[in-house]
Amino acid sequence: MAQLSPLLKQATPVVVDHGEGVYLYDVDGKRHLDFTAGIGVTSTGHCHPHVVRAAQEQIGKLVHGQYTTVMHQPLLELTKRLGDVLPEGLDSLFYANSGSEAVEAALRLARQATKRPNVIVMQGGFHGRTVAAASMTTSGTRFSAGIGPLMAGVHVAPFPYAYHYGWDEQTATKFALRELDFLFQTVSAPNETAAIFVEPVLGEGGYVPANTEFMAGLRERADRHGILLVVDEIQTGFGRTGKFWGHDHFGVSPDIVLIAKGLASGFPLSGIAASQELMAKAFPGSQGGTYGGNAVSCAAAIATLEVIQQENLVENAAERGRQLLEGARVIADKTPAIGEVRGLGLLVGSEFTTADGEPDAATAAAAQQTASKNGLLLLTCGPYMNVVRMVPPLVVNAEQVDDALRIWGEVVASVTGS
């Protein structure tokens with residue numbers, strides 16, 4: 001009898017029968033508040049009727065039309081709709097299936113367009129599990145261990161993770177930018193550097209938001225040295241942070257933006273967007289793929305964009321995000337076991353530390369597991385896996401946030417004794 005790989009460790013014991021909105025129902029009929037959203041994927045909630053209807057209708061027309069062989073209407077319509085929400089000037093799209101593929105497509109484009117070999121990534125960033133993407137990932141060694149030698153030409157600069165350094169945000173930001181300049185002098189000369197990759201909020205790295213000074217510093221250096229700024233919006237895009245794009249909080253414009261996760265409410269679809277001028281600099285034949293731009297996924301993505309707009313989900317993410325962040329901080333104030341609560345929109349992380357300030361993965365895991373037993377599904381993240389993250393669907397309402405905070409408060413009190 002075949003079984004799943006033993007390396008696929010389950011974060012919760014839940015076996016799902018069906019989902020609806022922010023809830024998952026297991027095979028025994030128990031209801032769970034899903035504050036994982038498939039790791040930020042089910043942006044419109046589980047089985048939103050409008051998305052389901054769009055996918056069902058498309059399945060009856062065309063399931064797959066390979067998009068370098070034939071065009072299909074959902075692909076063309078989605079491209080048009082994305083043109084209304086993409087950052088200004090990014091008017092050319094390439095579609096793939098996963099975030100990792102989008103990262104590798106952006107890497108390929110950046111190197112070919114600039115004819116430079118090196119890229120800079122941020123300490124704590126996550127960009128995927130394929131070999132090139134894993135080589136660019138520094139949120140944990142588990143993503144790249146045992147597959148070396150890794151891809152050459154990747155260099156790591158600090159991210160302004162103030163709590164980790166024990167500094168205020170301004171000090172951490174000045175340090176990060178100064179070290180980036182030092183990296184240009186010592187490791188990767190600017191004229192050898194094709195791109196800087198950055199997440200507006202570190203995802204797997206611990207739900208750490210960037211800030212305006214840091215992002216402006218990256219943009220200024222990219223402009224000065226002819227380097228492309230690639231913003232990884234795979235987890236932060238499509239309203240997740242309370243603005244349509246995570247980088248909108250910081251007033252910068254990317255040269256390339258990466259999209260996936262919340263784009264199609266659970267259907268596999270990813271892509272990169274750049275200007276027509278930049279995209280045209282890629283080599284002929286360098287972009288393609290069998291399943292990219294799948295017709296059903298594109299139909300679901302169109303419906304997702306419609307739901308986000310019609311139900312004001314970006315605004316809801318901002319409002320419910322403030323409620324969730326404030327509530328989590330009230331809970332943290334009652335226990336020294338949580339060193340910091342941080343986030344942006346509906347990305348909220350609680351970092352667990354010991355009495356002497358060291359990462360406390362054991363308590364974080366105990367809290368996450370206890371929450372799942374009590375009907376609240378959460379995940380951990382961070383280099384030490386000591387951050388419990390909350391990433392509910394964008395359709396979550398005030399009552400559901402309060403319910404989650406009630407459970408979370410009880411869980412924290414029980415596992416920390418506070």
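This is a predicted model: local features need pLDDT of at least 70, side-chain atom pairs count only at pLDDT 80 or more; totals for chains, interfaces and linings use all residues.
Residues are numbered from 1 along each chain as its sequence is written, and side-chain values use heavy atoms, with hydrogens and water left out.

**Backbone entries.** I placed C47 in the loop between α1 (37–40) and α2 (49–59), helices (H or I, at least four residues) and strands (E, at least two) being DSSP runs numbered from the N terminus. The phi of C47 is positive, near 55°, in a residue other than glycine. I then turned to M385, which is not a glycine either and has a positive phi of about 55°; M385 sits in the loop between β16 (379–381) and β17 and counts as partly exposed at 27% relative accessibility. I also recorded a cis peptide bond between G148 and P149, with omega at about 5°, and located P149 in the loop between α5 (131–135) and β6 (154–157).

**R389.** I found R389 in strand β17 (residues 387–390), buried with a relative accessible area of 3%. Its side chain is joined to that of E204 by a polar contact of 2.9 Å, that is, a pair of N or O atoms within 3.5 Å, of which, within protein, one must be able to donate a hydrogen and the other to accept it, residues adjacent in sequence counting only if both atoms are side-chain atoms. Leaving aside residues up to four places away in sequence, R389 touches residues including F35, Y207, Q235 and C381, contact meaning heavy atoms within 4.5 Å.

**S100.** I located S100 in helix α4 (residues 99–114), where S100 counts as buried at 15% relative accessibility. The side chain of S100 reaches the backbone nitrogen of R129 at 3.2 Å, and, beyond residues up to four places away in sequence, S100 touches H127, G128, R129, T130 and A133.

**Whole chain.** I noted 13 helices and 17 strands, with 58% of the 418 residues counting as buried. Among contacts between residues at least 6 apart in sequence, 73% join residues at least 24 apart. The C-alpha atoms fill a box of roughly 60 × 55 × 45 Å, taken along the principal axes.

Technical notes: Buried means under 20% relative accessible area, exposed over 50%, partly exposed in between (1.4 Å probe, protein chains only).
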